[in-house]
Structure formats: structure tokens, C-alpha cells
Amino acid sequence: MRFMVMVKATKDSEAGVLPSEAMLSAMGKYNEELVKAGIMLAGEGLQPSSKGARVRFSGDKRTVVDGPFSETKELVAGFWLWQCRSKEEAIEWVKRCPNPMPGESEIEIRQVFEAEDFGEEFTPELRERERLLGEQIAANAKR
Amino acid sequence: MADRLPATAGNVQRTIDAVWRMESAKLIAALTRMVRDVGVAEDLAQDALVAALERWPETGVPDNPGAWLMAAAKRRAIDQFRQHALHDRKHQELVPEFEAKQEAIVPELDEALDDHVGDDLLRLVFIACHPILAREARVALTLRLLGGLTTDEIARAFLASEPTVAQRIVRAKRTLSEARVPFEVPRGTELEARLSSVLEVIYLIFNEGYAATAGDDWLRPALCEDALRLGRILAGLVPDESEVHGLVALMEIQASRLRARTAPSGEPILLLDQDRGRWDRLLIRRGLAALVRAEQLAGSRGGTLGTYTLQASIAACHARARTPGETDWSRIAALYDALSQVMPSPIVELNRAVAVAMAFGPSAGLEIVDDLVGEASLKNYHLLPTVRGDLLAKLGRHAEASDEFQRAAGLTRNAREKTMLLERAAEAARKS
């Protein structure tokens, strides 16, 4: 199963204060551990919300709102995508993360929906199509 | 100090499971280095797990659970060696070494673990996949020692009974112990052969998961993730080996199609019929990156691509094509050609025939297939007459095509496939 692991923003990160060299090196080491353990699929740091925007939907109307956004603690400053065997494993890994911000900070763990979680709705019945038998074997080799 | 989970029994149990899966391989590897016997090391690690199961529900999970488990295992080792010391000289010699170590355990443990962790893990990989062991034993031992799976989980994943798997593991450990298999990373020419055994085991695990169907115990499809993870770990341990990246690339790209390859009814959907929008782009990107690495490493060593890298390259051709029509069949044909050089096999040849037919027309493909007709190993393989029939039909040789489809229908064990082949036979007969 996959987890989105989100580092929440702080006043500093929203102000565009860049992480210290010590932080970068600690985080680099941690990321290396994640890669070595084979769990890290992706990960990125995000620019402050002042460089972002939101699009609000109301019925079929769309309104664009430029950043920055005020609810700092609810904003995301960076994320990873991990492949773990359980939520508990993701928690254990997060506990080993260096504090990503000076002072107080928070990391949120959310499980990613897998196709199965959507059930039948997500996969409308597919009619068996006329198929080229020759292609079957080519496909089989790749299975 | 890290916040602890509320100490409900279920939570702690699940946390211990998670910690075990994260730490057990490192723990067993470090202990094997010390006691020089992987079976003894695993028993010690299991004892430490039992101790954790007793203590942690009361005390909470410690901040450094890996170090806690290691210290508990070492204490247990020293106790055992003391008990055996009177009877066994070999053990007696080890006691002082252990006591000296134990004094330094707590403060230095982290560093000690960090220093050796990669080497020890790699040694453990090579022991678990040692060619002295039967293939099923290697698979079971790898999942157990490196994947941190329980015997029960391995049994469920492989549709085997728990006692069978348990016995397989016990025997494997005994074999390793009796043969005094050294705890080391093979060097020189031996490395290549031993590494190919490791890659084979990982790919077997992956394929077992890939063969799982919708209604199966979730542990079966989870084998794909376990194998991918082992592959990625191995790529970190031996980053200069081209084929390791080739295997990772192959698995990432194949895994990218996991959710596109079965219909809700459980019927498999063939590659060219799959909804490519449901392919996992992240895994494809990772697979293509691993493939580039594999090709670069092979290039720097004379340029011959290995079997996994070649198969990954073929898989990559499909992954890069946004629609089936964009598939680069001539490149696929060339890759099968290269694959049959390094891994000569009639099955590879048959695949090459299909790719050649797609790229250069049915008669070019038929030429290759015709050469395979006398092949003894394909005598009962229904896809040979299926492919031949298909190519003959495309060339307008309907009577011959009908015969081939009839033959194929008699060979397949799949009822739906049989029906379809008989329909094609009848259709070809009508046109002839």
C-alpha cells in the first residue's frame, strides 16, 4: 500500500526561509535511508503558498485565488510517496525523520486509494474484445 | 522523545509487526556475523521479538526499537553461550568476545549497526539465495530472513501449508549450517553466478504475486511489492551491477500495469487491450530510470545487455507507446533477437516471430514460426499453432489456418480460450 506523507508548513516555510545546511544534510541522510529500504517512490519540497494559487469551484463557476493562504498549519510544505506494508510502518518511518522545521512542526500520513478501493464503479465492465491472437503471446511474454 | 501510540494491545501489536519487518533483516544479518550461523541468528532474533512482545505493551515502543531488539538478542546470545560453554569449546571461545562487546553495546550500538549494516545485509541475501538450497527453499528463506514475513504469511502467499513451509525453512537453515556456508559476499567470477541466483529468487517472488488473481488472499499480490522492495534494496547494496537495475526496471514496469490487467470479473486483459490510462505513470518513470542506469552500467562494461535488462527494454517499448498502434515493433523484434542470443529458447523465438510479423508483415513472422514447428519442447504448447494459424489467416491461407486453430484448441486447457479457438477455426474454414 502507498502513503502520502506530508510535511506541514510553518511561518518560516511560508516566509520562504530556506532550510539550514545541517537540516538539508540530515534530511538527505534520511532520504537515503528511505531509498535504501526500498520504500520511497517519490518526494518533493514545495515553494511557499505565496507562489501558488487556488481555483475555487461553485457549481460550474470557477474563481482563481492567488496565494499566500492564511491557514499556515493546514498547508503542505513538502511530501513523499511511500510504499509501506502498513500504516504502522509508515508511522515508524516518520518517527525516524529529523524534525523538518526549526521548532514545532507536523507530518501527516495519509493512505493512498488503490484501484480496488473504488470497487466496481471504477472499473466498468469491459467487454472482451476481438483480439489478435498473435498479440496475445507477445503480451504473455511481458506478463 | 517520540510520542507514543495509545497503548492499546492491537496498536502495539501492529507496531511491533511493523518494527519487526523493518528491523529483522538487519538484526539477523548482524547476529549472523557474530554467531556465524544463520539459523542460530534467526532464533536469537525471534527471542528478541518475543521479549518485545512481552515488554512493549507495558512500556510502549522504545525510541530506537532496532537497538532495543539488538541488545535483547545479544543478551540472549550471551546467556545461551554461557549455558553451552561447559559442553562446547567453540562456544566457550566466543563468550569473551561477546562480553567485551556487550559492555560497549548500548552507546555504540547505533554506529556499529550503521557501519556494517549494508555489508551484513548483502551477505544475508547471498546466504538466503545460496545455490546449495532448492529453489523453493531460497524463496522461503529470502522472504523470511529479508522480507520479515512469518512462516504463516509465506505459506498463505504461496498457497502452501504452514508445516510444509516451516519444514522447508528449518531444512534450509540446517543445510546451510552443515555445509558451513561462509557469511560473505562472493567475489570475482563467483559473484555473477551467485547474483543471478539472487535475481532469480526475487523475480520468482514477483511472478508469484503477479500470477495472483482478484479473489486471492491479499498476501499474494503483496508479493509483488515485497519483491520490488527487495529489488530496490539490492540495487542500493550493489549499485554497480547492471542486471540488478535491469530486474528492478522490469518489475517496476510490469507492476505499472497491475491495475489495468484484470477485468472486474477477474478475466485477464491482454497487454494490447489494456486501458493505458490506468497504467501507473510513476512506476513507469521509475522503471525507465532504472533501465537507463542498467544500460549505462552495461555500456561501461563492453555493452552486452543481460536478460533482465533486455526484457525490461521490451517492456519499456510498450510502456512508451501511448497507444498500441505506436508500439515500436521493429525495436521489439531486435530486442528479442538480442535476448535469444543471451538466452536461447524456443519461447523467446516464438515471441520474436510475433514481433517480426507485427513489424515486417506476416510472412516474415511465419518463416520463423515454421522453423519452430519441429521443436520438441513446443510440441504441446498451444500458442505455437495459435500464432501459426493467425499468421496463415493473415496471409489468406485459410484452410491451413483452420487446421492450426483446431490443433491449438485441442492443446489449451483454458475453456474460454478453447471456445474462441474453435470459433476461429470455423471462421477460417468458411473462408477457405
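**A helix pair in chain B**

Modeller: Let's begin with a caution: this is a predicted model, and over residues 103–112 of chain B the pLDDT stays under 50, with 7 contacts in the model beyond four places in sequence. Residues 1–6 of chain B also stay under 50, and there the model has 8 such contacts beyond four places in sequence. Chain B as a whole averages a pLDDT of 87, and 89% of its residues score at least 70. Among its elements, helix α4 (residues 89–128) of chain B has the lowest mean pLDDT, 63, while α10(B) has the highest, 97.

So much for confidence; now the pair itself. Two packed helices are described by the angle between their axes and the distance between the axes. Here, helix α10 (residues 242–255) of chain B packs against helix α11 (residues 281–299) of chain B at an angle of about 160°, with the axes 7 Å apart. Angles over 145 degrees count as roughly antiparallel, so that is what α10(B) is to α11(B). The crossing of α10(B) past α11(B) is left-handed.

Who does the touching? On the α10(B) side, the contact includes His245(B), Gly246(B), Val248(B), Ala249(B) and Ile253(B). Facing them from α11(B) are residues including Ile284(B), Gly287(B), Ala290(B), Leu291(B) and Ala294(B).

For the complex, the predictor gives an ipTM of 0.81 and a pTM of 0.85.

Definitions and conventions:
Residues are numbered from 1 along each chain as its sequence is written. Chains are lettered from A and ligands numbered from 1 in the order in which they are written. This is a predicted model: local features need pLDDT of at least 70, side-chain atom pairs count only at pLDDT 80 or more; totals for chains, interfaces and linings use all residues. Axes are lines fitted to C-alpha atoms, for helices over the stretch in contact, and angles run from 0 to 180 degrees between N-to-C directions. Helices (H or I, at least four residues) and strands (E, at least two) are DSSP runs, numbered from the N terminus. Angles under 35 degrees count as roughly parallel, over 145 as roughly antiparallel, 65 to 115 as roughly perpendicular and the rest as oblique. A crossing is left-handed if the near helix is turned anticlockwise from the far one by less than a right angle, and right-handed if clockwise. Two residues are in contact if their C-beta atoms, placed from the backbone, lie within 7 Å. pLDDT is the predictor's confidence in each residue, from 0 to 100.
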